[in-house]
Each structure stands twice: as structure tokens, then as C-alpha cells.
Amino acid sequence: MKVGMVAHHYPHAEHRAEFVTRVRRVAEEFRRTPGCLSADCWLAADGDAVVSIVQWESEEASAAALAAVQAAPGLDLAYDERESRPREIVRLAAP
């Protein structure tokens, strides 16, 4: 069963460009993991959020990819003062 994740990130305006670069690098790393079907960075139409959308072929592939990305050197995954509010993450499963 395919699974996915949609994450809304809310960087302060002065960190938006940097944050887009960060999310794109993470998406690139996800795409290198086995079972990843897609990983992209989007901007909300209102300009408020940077949205990452990732899709995997299975829950097992998702779990392995998340672990691999968290362990990858050089990625900035930190939630800190550069964001104006907590991230909103929704996990999805295809019926």
C-alpha cells in the first residue's frame, strides 16, 4: 500500500529562501532512498508555507527513508526560531 507525508513548514519571511533550499535538499535525499516514489517542495499559494510532499511504495519504505534522511550528513532538519510556528505533518495511506 502506498503511503505519503505532507508537511507544512512556516519559516519567517527572512528565512523563506533558505528554508526552500533546505526542503529541496531533503527531498533530493528522500528520492535517493529505495521505495520513494516522489519527493517535492511546494510553496503554498498564499506564500505562508513551504510544503514538502513525499510518497513511498510502502510503510516499510517510508520508515527506512525517514531513518536514512535523519542520519544523512549535512542536512538541516532542525525546528528552531527560523520558523514562526510548529510544523504540521499529515501522514497518508492510499486506500
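Modeller: Happy to! Let me start with the helices: helix 1 and helix 2 are oblique to each other. Please keep in mind that this is a predicted model.

Biologist: Why are helix 1 and helix 2 called oblique to each other?

Modeller: They pack at an angle of about 130°. Angles over 145 degrees would count as roughly antiparallel and 65 to 115 as roughly perpendicular, with the rest oblique, so helix 1 and helix 2 are oblique.

Biologist: And how far apart are the axes of helix 1 and helix 2?

Modeller: Their axes lie 9 Å apart. Helix 1 covers residues 16-31, and helix 2 covers residues 59-71.

Biologist: Is the crossing of helix 1 and helix 2 left-handed or right-handed?

Modeller: Helix 1 passes helix 2 in a right-handed crossing.

Biologist: Which residues in helix 1 and helix 2 meet there?

Modeller: From helix 1 you have Val26, Glu29 and Phe30, and from helix 2 they meet Ala65, Leu66 and Val69. Sorted by class, this contact has five nonpolar residues, one charged residue and no polar ones.

Biologist: Nice. Switching to the sheet: what is the order of its strands?

Modeller: The sheet is open, with four strands in the order 2-3-1-4 and antiparallel pairing. At the edges sit strand 2 (36-43) and strand 4 (88-93), each pairing on one side only. From one strand to the next, the twist averages 10°.

Biologist: Which strands does helix 1 touch?

Modeller: Helix 1 packs on the sheet and touches strand 1 (3-9), strand 2 and strand 3. Its direction makes about 175° with that of strand 2.

Biologist: How many bridges join strand 2 to strand 3?

Modeller: Seven, and the two strands run antiparallel, with strand 3 at residues 50-56. Aspartate 40, for instance, stands opposite isoleucine 53 in strand 3. Strand 2 and strand 3 form a hairpin with six residues between them, and glycine 47 in the turn has a positive phi of about 80°.

Biologist: Last one: what pattern does the chain follow along the sequence?

Modeller: The pattern reads β-α-β-β-α-β. The radius of gyration is 13 Å, close to the 12 Å that the globule rule gives for 95 residues, so the chain is as compact as a globular protein of that length.

Technical notes. Residues numbered from 1 in each chain as written. Predicted model: local features only at pLDDT ≥ 70, side-chain atom pairs only at ≥ 80, totals over all residues. Heavy atoms only, no water. Pairing = 2+ DSSP bridges. Axes fitted to C-alpha atoms, helices over the stretch in contact; angles between N-to-C directions. Contact = heavy atoms within 4.5 Å. Parallel < 35°, antiparallel > 145°, perpendicular 65-115°, else oblique. Left-handed = near helix turned anticlockwise from the far one by under 90°. Nonpolar A, V, L, I, M, F, W, Y, C, P; charged D, E, K, R; others polar. Rg over C-alpha atoms; globule rule 2.2 N^0.38 Å.
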